[in-house]
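Subject: Structure for you to look at

Hello,

Here is the structure we talked about handing over. Please open it, then read my notes below.

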Amino acid sequence: MKPTKTEEQHIRELELSRRLQMLEAEQQAAAEAEKSRLKELHWMHCPKCGLALTTQQYGPVEIDVYPQLPGAVAGRE
Ligand SMILES: [Zn+2]
């Protein structure tokens, strides 16, 4: 049985709204990624000296260290 024109139209509209939703989700994901990238840019620098920081796991504890200064812990220099 051939779908009527209205059915075809309906399917097209469904397809279109599905694509729009996917596009919206993609844009949201991109915006979130950009947000966390910016956050990281700010966060991963010492507020005191502005040097780049990296997070290291010491057992159950996460600490911020300077990649260029082995042994130095952020905020304690
Ligand atoms: Zn510092």
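Which residue in β3 stands opposite Val65? Val73 does. Please keep in mind that this is a predicted model.

Overall layout

The chain has 77 residues. One helix and three strands make up its elements. Read from the N terminus, their order is α-β-β-β.

First pairing: β1 with β2

Strand β1 covers residues 54-58, and strand β2 covers residues 61-66. The two run antiparallel. Five bridges hold the pair together in the assignment. One of the residues to look up is Thr54, whose bridge partner in β2 is Val65. The hairpin of β1 and β2 has two residues between the strands. Look at Gly59 in this hairpin: its phi is positive, near 60°.

Strand β3 spans residues 69-73. It also pairs with β2 in an antiparallel way, through two bridges. Here too a hairpin makes the link, and two residues connect β2 to β3.

Where the pairings meet

Best wishes

How values were computed
Residues numbered from 1 in each chain as written. Predicted model: local features only at pLDDT ≥ 70, side-chain atom pairs only at ≥ 80, totals over all residues. Helix = DSSP H or I, 4+ residues; strand = E, 2+ residues; numbered from the N terminus. Buried ≥ 20, exposed ≤ 12 C-beta atoms within 10 Å, placed from the backbone. Pairing = 2+ DSSP bridges.
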